[in-house]
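This briefing is meant for a reader who is meeting the structure for the first time. Please look through the sequence and the model shown here before going on to the points grouped below.

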Amino acid sequence: MGGLVLRDVTVRYDDLVAVRDVSLALPAGAVLAVLGPSGCGKSTLLRAVAGLEPVASGAISYDGADLGGVPTHHRGFALMFQDGQLFAHLDVARNVGYALRLRRTPRAEVSRRVGELLELVGLAGYADRLPATLSGGERQRVALARALAVEPRLILLDEPLSALDATLRTRLATDLREILRTAGTTALMVTHDHDEAFAVADRIAVMRAGHLVQDGPIGEVWQHPVDADTAYFLGYATVLTGAEADRMVSSAGLVPGQDLALRRSALVVDDAGPLAGTAISALATPEQLRVGVEVAGLGALHAVAPLGSHVAPGDAVRLRIDASRTAPVPRGDPRVSP
Amino acid sequence: MTHHVRARATLASLALLATSACSAVGGSATDGDRTEGAAPSEVVLVTHESFGLPDELVAQFEEETGFTLTTRAAGDAGTLSTKLALTAGDPTGDVAFGVDTTFASRTIDEGVFDTYEPTTLPEGAEDYALPEGADRLTPVDVGHVCVNVDTTWFAEKDLAPPASLEDLTEPAYQGLFVTPGASTSSPGMAFLLSTIAEYGDDWPAYWERLLANGARVVEGWSDAYYTDFTQGGEDGTRPIVLSYDSSPAFTLTEDGTESTTAALLDTCFRSVEYAGVLAGAANPEGAQALVDFLLSEDVQAALPESMYVFPVSSAVDLPEDWARFAEQPTDPYAVDPAEISANREAWLTEWTDVTTR
Amino acid sequence: MTRRLLTLAGLAALPLAVLGVFFVLPVGGMVARGLWADGAFDPRGLVEVLGRPRVHRVLGFTLWSATLGTLLSVAVGLPAAYVLHRLDLPGRRVVRAALLVPFVLPTVVVGVAFRQLIGEGGPLAFLGLDGTPTAIIAGLVFFNAAVVIRAVGAAWESLDRRPAEAAAALGATPWQVLHTVTLPALRPVIVSSASVVFLFCATAFGIVLTLGGVRYSTVETEIYLLTTTLFDLRSAAALSVLQLVVVTGLLVVTGRLRAVADPTVSRQFARLGRVSRRDVPALAATAVLLALVAAPLVTLLVGSLRAGDGWSLANYRALGSTGDDPAVLVSAGEALLISLRTAVDATWIALLLGLSIALVVTRRSRSRGERRVRSLLDGVFMLPLGVSAVTLGFGFLITLDQPPLDLRDSPLLVPIAQALVALPLVVRTLVPVLAGIDDRQRQAAASLGAGPLRTLWTVDVPVVWKPLLAASGFAFAASLGEFGATAFLAREDQPTLPVVIFRLLGRPGELNYGTALAASVVLATTTAVVMLVVERLRVPSLGAF
């Protein structure tokens, strides 16, 4: 099987087990996001793949070849850090061309390729600048161009967009996806931000406390979180359990017997809706109206209304359930009441 | 000018502020006490680092004269002479001890010393008086720089040790001699002067023969004696070394009955150390008292053990080891201090040329 | 003038005053004495002296030996800095402390120890090194490698690993990572320490004479000869001027080499690396250096334990008393205490002055003129290292002779002279680190309401703490071992241990010799222990910040 395969990988720092028995497969050409809260071991996993941390047990292979004992610089991967880690003493062009020069690429070829890459990341004309004079977003673009320069068989991205502000992050995430697709690069990205993961990756793996709790194609994971914590981490606003879940499920006509994760937009204000509630807050956003509602027996929930609707706190509202914005969560959570 | 002085004062107060807290060194600085007008109670002796007197003798001096003795000792004889010459007329003390034969002329020429002649010199001291400047510098001790041999080594090899400077160039003694350099060491300079006294203007030719015979020139006395001499360090390889006439008294066998080394008395250069009252001294009386004291029988008798030199007085008894094993030459080489002063640079330049050729 | 500039001027005033009184004035006095013959300035003398072939030869040898000594010190110092500061090697602290020992040993002792190894009767006699330039260079490396190791090691220790990891991930071999990422990041501190080493090498005195025999002269030995033996003040002054010119040139060059596009260095407390196969070359270089340092030290130790034909502690027993030698008025034990007290004083003076200078020099300048003044200040304090101790010592005598500067016999002269020698070490260790702090951190602290002192405490001090410890270790060791100026200035009742050792070695007799070696061993051990203790000091608030 092509691509990256991890089998039962465990990484230890002295007595602390940072990554425990993680198995993963990343086919060539795919982009996998490892999602998890800080301290879950995802960065350690990335460093182990890069060859920067020794693997205590298990195996990492690429295209069927075991990577145990292969030093970082022989793995043919490229690593891009959260804050870029540009070489401060080199200008942008020399940063981007760094790996090419290591390979003794002819000067003209380096310069052509650097120009191409800077074009790709939208920084044409920045060749002579020093890293210290760039903005955060620009630095990340340079770092990306540098990582892509030698057409690595796998690019490792450590929270590539976290250091950026929200607008820039959204834009760069789209660009990143586009650039990776264009270059046809296999990529492994770690992040704690689900939006970033969804925006860039096509596969997702969720880690918690050193364990891999779920992985698969992005839609599948998104629609079937393995448990409530995962659902929350994937961006679901509420997870209803037990009788509450059953009540919501029956109102929506969904398959019963499972808990239910709801996104913010899972309930829509609709006069024909099956549920009754009372609006407790209302906030206009550019796309829709966000409404907080109190539903008898279910407590406070998030809902949305189309722009232009008139909902004010205290109003009685009817609510429809948008099934595509919910996800079933298997029962088995200890908190579920019998 | 005032401006200059004020700037200096500001600098000084800042600097003192910076350093006033250095109490750990312990403040025995006494300069502040020496106000003019009041009768000074302190005598300051400027000398080299080899100077040392037993505590009892210092106490005796202070008791007899009522002065406190402060000793400022640093550097070797050359440093001392330079220091004195540089501060002539504005001395850092009242009296100096340790200017030797080779540097006496420099200090006299620079006007370092006031005239002072002790009323009575000890018996025999006259022999050591300077040809010029005897009214300013008083001889206190005498030492001889002589070639020393490891007698046990020569006995083992069944070879007669050399006896003269000329012998050192004999093939029998090839590669056996080590000496400190004249440009880097006082005894080394003394040895050069011996050869000049013996060979006159032909001394460079002698040195060429000496070096051709495998003589080794090293930096300083301790280097030659402790590293290269067979009786010095454990790994020494050369049984002939330049040292002092007193050295054999320090290389006794375990039972103390004989010495394992001997000084070659026909190779010695005489070096006398002098004391004198500094021109511009704050306490000339005290200075004179100290010069007199250095000639007293007690000090003269203590010189061998405290400074490794012979007294100028022939009246005092030598320590037992010295009397038995440290023989003084009767007719050592000597060069007139004025001549040394006039030719030192030329001689050293020539010597350096010959030895590094 | 703004308050900011006034504060900076205030900070600079104290070090400048000390430098003015204890360096510029004395050296100026000596040079003036030599060049103003009979009250009139006579530059012909200067020209004549500098035209002599001998002077050219001496200058050539000085530059050659100092350059080679510096290059080799850096060549073995860098791998050793890596091994001892980045690798998780058992016993690294002890080795680090031990490597500083040469720094404190009097050259006369080291000379004797070296020559017992390479001299005619020594175990290494077959190498034929005695009296060769090679021996001089080896001696220079022996003394100075520790400077490179400590300064570079302190910077390397806290160097962010991630740029290097990024390079490795981009396909750079460890060797390529080293010379494309790590060394450029360390360049300022490497150049800094190399320039200090160069000055130490160029003004080395005893080691050149002892190991080179009388064959080789450097500018330093020549000045000594001209001043004390020949009393040729004019030539000595000319050579002092030459020294100043060379040193100034060196400072200009290193200033250029040191300048980097972006001095900001991100620092972190990196975990130590595990020793792996690719560390073998660095480990080997360190081993070579250790052998070079250990061999003479072992010779010393063995020598100190010999008495008669057997092993004995007699030499150590003699340390407590003045022995059978009334000429040495102070026992080695007392002298050690005096040494330690003097070194403590010299250390805090050097740290106080050095920290002030480093702060002044590294604050961001608002104008080009201001920047010039700062870099000038930076260089000026290196000068005391480059000028002969003889010139300085005699200069004290002829200039500090009138109130309020009648300091000729002040007991403060010794610690101050030692502090002047240690000062460049302190400044050079601190400046690269302080310059590496992102100024925005200070601005952030100030914007949060922190006053200048508070900012210093919360931003600068935590970063500079380890280098400060390294610097104080340096200063302490340099002071303990300083001999040139100390021997010149020490007063009879206050000799330091190196002075006593020197005196003991100047006398015949097995016990004197043995006692000198034993005292050297004690001096070395004391230094190593003090260094170990200093390394273990920590600021409790460091982790909290």
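In this predicted model, chain A and chain C meet at an interface in which 21 residues of chain A are in contact with 17 residues of chain C. The points below begin with that interface, then turn to the domains of chain A and to chain B.

**Where chain A meets chain C**

- On the side of chain A that touches chain C, the elements that give two or more residues are β6 (77-80) and α3 (98-102) of chain A.
- Sorted by class, this side of chain A, the one that touches chain C, comprises 15 nonpolar residues, together with four polar and two charged residues.

**The two domains of chain A**

- Chain A is divided into domain 1, which covers residues 4-232, and domain 2, which covers residues 238-329.
- The centres of domain 1 of chain A and domain 2 of chain A, taken over C-alpha atoms, are separated by 37 Å, and the contact between them takes seven residues from domain 1 of chain A and six residues from domain 2 of chain A.
- Helix α9 of chain A, residues 228-233, gives the most to the side of domain 1 of chain A that touches domain 2 of chain A, supplying three residues.
- That side of domain 1 of chain A has, by class, four nonpolar residues, two polar residues and one charged residue.

**Chain B as a whole**

- Chain B contains 12 helices and 10 strands, and of its 357 residues 54% count as buried.
- When contacts in chain B between residues at least 6 apart in sequence are considered, 74% of them join residues at least 24 apart.

**The two domains of chain B**

- The domain assignment of chain B gives two segments to each domain, with domain 1 made up of 40-142 + 271-317 and domain 2 made up of 144-270 + 327-355.
- Taken over C-alpha atoms, the centres of domain 1 of chain B and domain 2 of chain B lie 28 Å apart, and 17 residues of domain 1 of chain B are in contact with 13 residues of domain 2 of chain B.
- At least two residues each of the side of domain 1 of chain B that touches domain 2 of chain B come from α3 (77-86), α4 (104-109) and β9 (269-277) of chain B, and α4(B) gives the most to this side, with four residues.
- The residues of that side of domain 1 of chain B divide into eight nonpolar, five polar and four charged.

Methods: Residues numbered from 1 in each chain as written. Chains lettered and ligands numbered in written order. Predicted model: local features only at pLDDT ≥ 70, side-chain atom pairs only at ≥ 80, totals over all residues. Buried ≥ 20, exposed ≤ 12 C-beta atoms within 10 Å, placed from the backbone. Contact = placed C-beta atoms within 7 Å. Domains from an automatic or database assignment. Nonpolar A, V, L, I, M, F, W, Y, C, P; charged D, E, K, R; others polar.
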